[in-house]
Amino acid sequence: MAGSLKVGLAGLGTVGSSVVRILQDKAAKLAAKAGRPVELVAVCAKEVRDKNLDLATVRWVDHPFALAADPEIDVLVELMGGEGDPAKTTVETALKAGKHVVTANKALIARHGAALARAAEDRNVAFNFEAAVAGGIPVIKTLREGLVANRIDRVWGILNGTCNYILTRMLDEKLSFEDCLKEAQRLGYAEANPAFDVDGFDTAHKLAILTSLAFGTEIDCDAVYVEGIRSISLADLEMADELGYRVKLLGVAVRADSGIEQRVHPTMVPKDSPLAQVGGVTNAVKIDGDAVSLTLIGPGAGGPATASAVVSDLCDIARGDRIAPFGRSVDRLVRPRRAPMQHHAGGYYIRLAAIDKPGTAATIARRMADELISLESIVQRRRGSRGEVPASADAPAPVVLITYATSEDAVRRALAAIERDGVIVGPPQVIRIEQN
Ligand SMILES: NC(=O)C1=CN([C@@H]2O[C@H](COP(=O)(O)OP(=O)(O)OC[C@H]3O[C@@H](n4cnc5c(N)ncnc54)[C@H](OP(=O)(O)O)[C@@H]3O)[C@@H](O)[C@H]2O)C=CC1
Ligand SMILES: N[C@@H](CC=O)C(=O)O
Ligand code: NA
C-alpha cells in the first residue's frame, strides 16, 4: 500500500471532533477504499471541547497558520469557520505551501472561493468543500461531476438544517422559535453565530456556491436576495397548513430571461411536493437539468453527517483525484447577469391585519385588481382568531390572500397602496409560493 496521506486539522468543534472519530474508528476501511491510509498527524484548536477525544498519537500545533505551513502535512482541513481570519489566511498559507485543502466553510468559499480555487489550480493541489453545502449530501460532486453533461436551469432546495428544524418543530410541537433555536444549537446544527442561519445568510452562501457550479458563473454572493425566518409566526405555519402548504426556507437559483435569479426566503410549497415532506435537520436539493432532474435528500448539518463529507473529500485526495474546484478553471467561469428580484414572477401568500370597517375588503381587492393581480383565494378570519390578533372590539381581523402568478413589483405596489389607504395595521406578511 502507498504511504499515508498526512492530515493536519484546524478546529476541533462539532465537525472537527467527528472527523477525528471517523478517521480513527474507520482507519482500516478508509485505507482500503482510498488505496492508502488517511492519517491524522497534527491538530490545532483553541481547546478540546470533547474530553473523550483520543489525541494521544496526534501532534498539537499552537496556531493554525503554523499548522498550514507544517512540513509534515499533505493536506490541511479547515474546520474553524468564518469568512475572515484565521480561516482565510490558514487556507491561503496551506495552498501557497503546495498542500491540499479541505474545508466545510461556506462563508469563506462564498466570499473568497474564486481566489482560493485559483491558488489551488496554480499549484495543482485539491481544494475540496463537499461539506460546505447541504452537509452530508454529495451535492457538490453531483453538480461538478455527475451532471456534467447537463444544462442546468434551476437548482433549489432546503439548504439550512437549523431553519428547517425550527420550522418543523414550531408546527409539529407548537414550540416557540427561541426554544427550537436553542435545541438546534445544542444538537450542533447552528453556526457559531446563529443569526447566519435564521437570517438566511448561511443559505445564501450555499446557494451562491451551487449557482457557480450549476451555471458555470463566478460566485456572486451579493446578488442573492435574502430574507430569513424570524418573521414567520406559528399563525403563518398553521394557515399554510390549512391552505395545503408547508413553509420552508428555500434557496433558489434559476435561469430567467433577464439573467440568473438567486433568492433565499421563506417559501410555501404544496404539501404533496417532495420538499414539503422534508422535515427536521434534513436538507433537500432539487436540480433541474435538460437530461436529468433529480432531488437529493439527506442530513444537512450535525457532526457525523458533515464529517462524512469531509472524509469523502480526503479520500478523493488520497486516491489522487484532482478536479478544478468549480468544475472548470476559474478563468473559464463567466460573469453572471443578475436578474433583479423585482422581476421575480410567482404566486404569493399575503397576510394582512385588516381594520374591520365597511369598504376594507373592497379596497384591498381594488388595489390588487389595479395591479392586474388575480386572487386564487381570500380567507378572512374573525377578530381574535389566528394571527395573534387580540379579541377586542376594534382589533384588526386577519385576511389572507393567495395570488396566482404575478410579479414582485406588482405585489409591492399593491401593498404600498393598501398601506397608504389606511385599511390595515402593521406591515403585511408576504411569503412567496414555489411550485415544483
Ligand atoms: N455544524 C454543522 O452542522 C456544520 C458546520 N459547517 C461548517 O464547518 C465549520 C466548523 O463548524 P462547527 O464544527 O459547527 O463549529 P464549532 O464552533 O463547533 O467549531 C469550530 C472550532 O474551531 C475552533 N477555532 C475557532 N477559532 C480558532 C482559532 N483561532 N484557532 C484555533 N481554533 C479555532 C473553535 O474553538 P473554540 O470552541 O474554542 O472557539 C472550535 O473548536 C464552519 O465553517 C461551519 O460553517 C458546515 C456544515 C455543517
Ligand atoms: N448551520 C448550518 C450547518 C450546516 O451547514 C445548518 O444549519 O445547515
Ligand atoms: Na455536501
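Select helices H2 and H12 first: their crossing is right-handed, meaning that the near helix is turned clockwise from the far one by less than a right angle. The model is predicted, with local features requiring pLDDT of at least 70 and side-chain atom pairs pLDDT 80 or more, while totals for chains, interfaces and linings use all residues. Residues are numbered from 1 along each chain as its sequence is written, and chains are lettered from A and ligands numbered from 1 in the order in which they are written.

H2 spans residues 27–34 and H12 residues 303–319; helices are DSSP runs (H or I, at least four residues) numbered from the N terminus. Their axes lie 9 Å apart at an angle of about 45°, the axes being lines fitted to C-alpha atoms over the stretch in contact and the angles running from 0 to 180 degrees between N-to-C directions.

Next, display Leu-30, Lys-33 and Ala-34 of H2 with Val-311, Cys-315, Ala-318 and Arg-319 of H12, which make the contact (C-beta atoms, placed from the backbone, within 7 Å).

Now move to ligand 1. Of the 28 residues around it, Gly-11, Gly-13, Lys-46, Gly-81 and Ala-301 come nearest (a residue is near if its C-beta atom, placed from the backbone, lies within 6 Å). Helix H1 (residues 14–25) supplies the largest share of this shell, three residues.

Finally, colour domain 1 (5–136 + 313–332), domain 2 (139–299) and domain 3 (344–433), whose bounds come from an automatic or database domain assignment. The shell around ligand 1 takes at least three residues from each of domain 1 and domain 2. The centres of domain 1 and domain 3, taken over C-alpha atoms, are 50 Å apart.

How values were computed
Helices (H or I, at least four residues) and strands (E, at least two) are DSSP runs, numbered from the N terminus. Two residues are in contact if their C-beta atoms, placed from the backbone, lie within 7 Å.
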